[in-house]
Amino acid sequence: MRIEKDLKSVAAEAKQLEKLGRYRQAIEALGDVWGERRQLPEIEGMSPETGAELALRCGSLMSVYGHSEQIPNAQEQSKDLLTAARHKFRLLENWEKVAECEYTLAFAYWRRGENEEADAWVEQALSRPLPEDSLARLYSILAKGVVLDSTKAHDKAAVYMSGYISLFNECEDLVLRGSYYSNLGLALKNLGRINEALEKLKASRECYRLSGHLIYLGTAENNLAQLYRLDGKFSDAHKHVDGAITAYEELKDKARKGSSLDTKAQIYFDEGKYEHALIEADKAIEILREGENAAYLTEAYFTRSKI
């Protein structure tokens, strides 16, 4: 068994790699204690805090990596790991970490389109007695906005997230700040507030560029493509979505590549190029039906149904 100090370093390294979207490297860092990914990491002999942190890291990684790679049952396995970690942190009365488990659980449910359950976990996280500017509170606020927008409550999502803009503007975590700008921008886009949305989505892309998060940088390109499509700027839309598709091919992110192919189909549809739209929509569906992201797949089927 590795010494406690070393294990804490491993957990910290895995968290930082995950934060930058380097999911495979993060899993490799945990390899000595997490050989069987369907089970809890080997935490016997560790302190309760270190064991709980490793369970949290494994659960969080299973969710994001499983989504990216379209691993069957990844979100259910993630939920089991996160629930175990949450239980351990509750016993320790570490409410910051309890909230982290809860908003991460919310994202695991959200990735399967289970928005009611996701919202329930977000509310649990937001109920914890934490400072407004703590990372766990800020990520919980972000999760709440994501869930609201996913349920088509775009106006509520925009109002809710706009209420915290000063906190996020001052946040030094570039990935978190970029995610906030991204999701606020999407809510504004869905309300037809194009100029405001463009400002936020460009700010998001810059945060991701500076942070080095290549997966989210691809997401920013896809989001901009959607915005330019709505504004009738099809050449710009194709340029940005092609950048996203290329990035996801290189990163081997199947789910997001499928989503970007759906964006490509929507652009062709709005241009009136229906044959091209059908080809891209079928490509998207073929990829997405192998994964667990119900929202992406539903959107792709909806795109195809219009053609």
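**Reading burial, contacts, cysteines and a cavity**

Q: Is Asp 253 buried or exposed?
A: Asp 253 is buried, with a relative accessible area of 1%. Buried means under 20% relative accessible area, exposed over 50%, and partly exposed in between, using a 1.4 Å probe and protein chains only. This is a predicted model, where local features need pLDDT of at least 70, side-chain atom pairs count only at pLDDT 80 or more, and totals for chains, interfaces and linings use all residues. Residues are numbered from 1 along each chain as its sequence is written, and side-chain values use heavy atoms, with hydrogens and water left out.

Q: Where is Asp 253 found, and with which residues is Asp 253 in contact?
A: Asp 253 lies in the loop between α13 (234–251) and α14 (254–271); helices are DSSP runs (H or I, at least four residues), numbered from the N terminus. Setting aside neighbours within four places in sequence, Asp 253 is in contact (heavy atoms within 4.5 Å) with Ser 68, Ile 215 and Tyr 248. The side chain of Asp 253 also reaches the backbone nitrogen of Ala 255 at 3.5 Å.

Q: How do I read Ile 307: where is Ile 307 found, and what does Ile 307 touch?
A: Ile 307 sits in the segment after α16 (294–306). With a relative accessible area of 32%, Ile 307 is partly exposed. Not counting residues up to four places away in sequence, Ile 307 touches Phe 269, Tyr 274, Ala 277, Leu 278 and Ala 281. From Ile 307 to Pro 129 there are 178 residues in sequence and 50 Å in space, C-alpha to C-alpha.

Q: How many disulfides does the structure hold?
A: A disulfide is a pair of cysteine sulfur atoms within 2.5 Å, and the structure holds zero. Cys 207 is in no disulfide, as the nearest cysteine sulfur, that of Cys 171, is 9.1 Å away. Cys 207 counts as buried at 4% relative accessibility.

Q: What lines the largest cavity?
A: A cavity is a set of points on a 1 Å grid over the protein atoms alone where a 1.4 Å probe fits but cannot get out; lining residues have an atom within 4 Å of a point. Here the lining is Gly 66, His 67, Gln 70, Ile 71, Gln 75, Ala 255, Leu 288, Gly 291, Glu 292 and Asn 293.

Key:
On a 1 Å grid over the protein atoms alone, a cavity is a set of points where a 1.4 Å probe fits but cannot get out, and a pocket is an open set with protein on both sides within 12 Å along at least five of seven lines; lining residues have an atom within 4 Å of a point. Helices (H or I, at least four residues) and strands (E, at least two) are DSSP runs, numbered from the N terminus. A polar contact is a pair of N or O atoms within 3.5 Å; within protein, one must be able to donate a hydrogen and the other to accept it, and residues adjacent in sequence count only if both atoms are side-chain atoms.
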